[in-house]
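Here's a quick briefing on charged side-chain pairs. Have a look at the sequence and fold, then we'll go through the contacts.

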Amino acid sequence: VLREHGARLGLAALGDELHLYVAPLGLGGVAPAGAGGAGVARLTAAPRFAHVAPPTPRGDDLLLRLRPR
């Protein structure tokens, strides 16, 4: 399942693996939150992810393959 969010990342369980592309861009201005949803009160309650594979360069970007722990 491919789900593109632009500046927002939905962490809904649509599959068993998250492919996260990190682009070295500084856009400036007022930026929205990176992930939607209700959020968490403490960092210890935040969802954690484990790497499925080493980070992979894709041009100037970096691909991270992650699974929920």
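Is R65 buried, partly exposed or exposed? With a relative accessibility of 28%, R65 falls in the partly exposed class, where buried means under 20% relative accessible area, exposed means over 50%, and partly exposed sits in between (1.4 Å probe, protein chains only). Bear in mind that this is a predicted model, with local features needing pLDDT of at least 70 and side-chain atom pairs counting only at pLDDT 80 or more, while totals for chains, interfaces and linings use all residues. Residues are numbered from 1 along each chain as its sequence is written, and side-chain values use heavy atoms, leaving out hydrogens and water.

**Salt bridges**
- Searching the whole structure turns up two salt bridges, each being a side-chain nitrogen of Lys or Arg within 4 Å of a carboxyl oxygen of Asp or Glu.
- R65 pairs with E17 at 2.9 Å, N to O.
- That pair links distant parts of the chain, 48 residues apart: R65 is in strand β4 (residues 61–68) and E17 is in the segment before β1 (18–22); strands (E, at least two residues) are DSSP runs numbered from the N terminus.
- R67 also bridges to E17, with the closest N and O atoms 3.3 Å apart.
- Because R67 lies in strand β4 and E17 in the segment before β1, this pair ties together parts 50 residues apart in sequence.
- Shared partners join E17, R65 and R67 into one network.

**Exposure of the partners**
- E17 is partly exposed, at 23% relative accessible area.
- R67 is partly exposed too, at 38% relative accessibility.

How values were computed: Helices (H or I, at least four residues) and strands (E, at least two) are DSSP runs, numbered from the N terminus.
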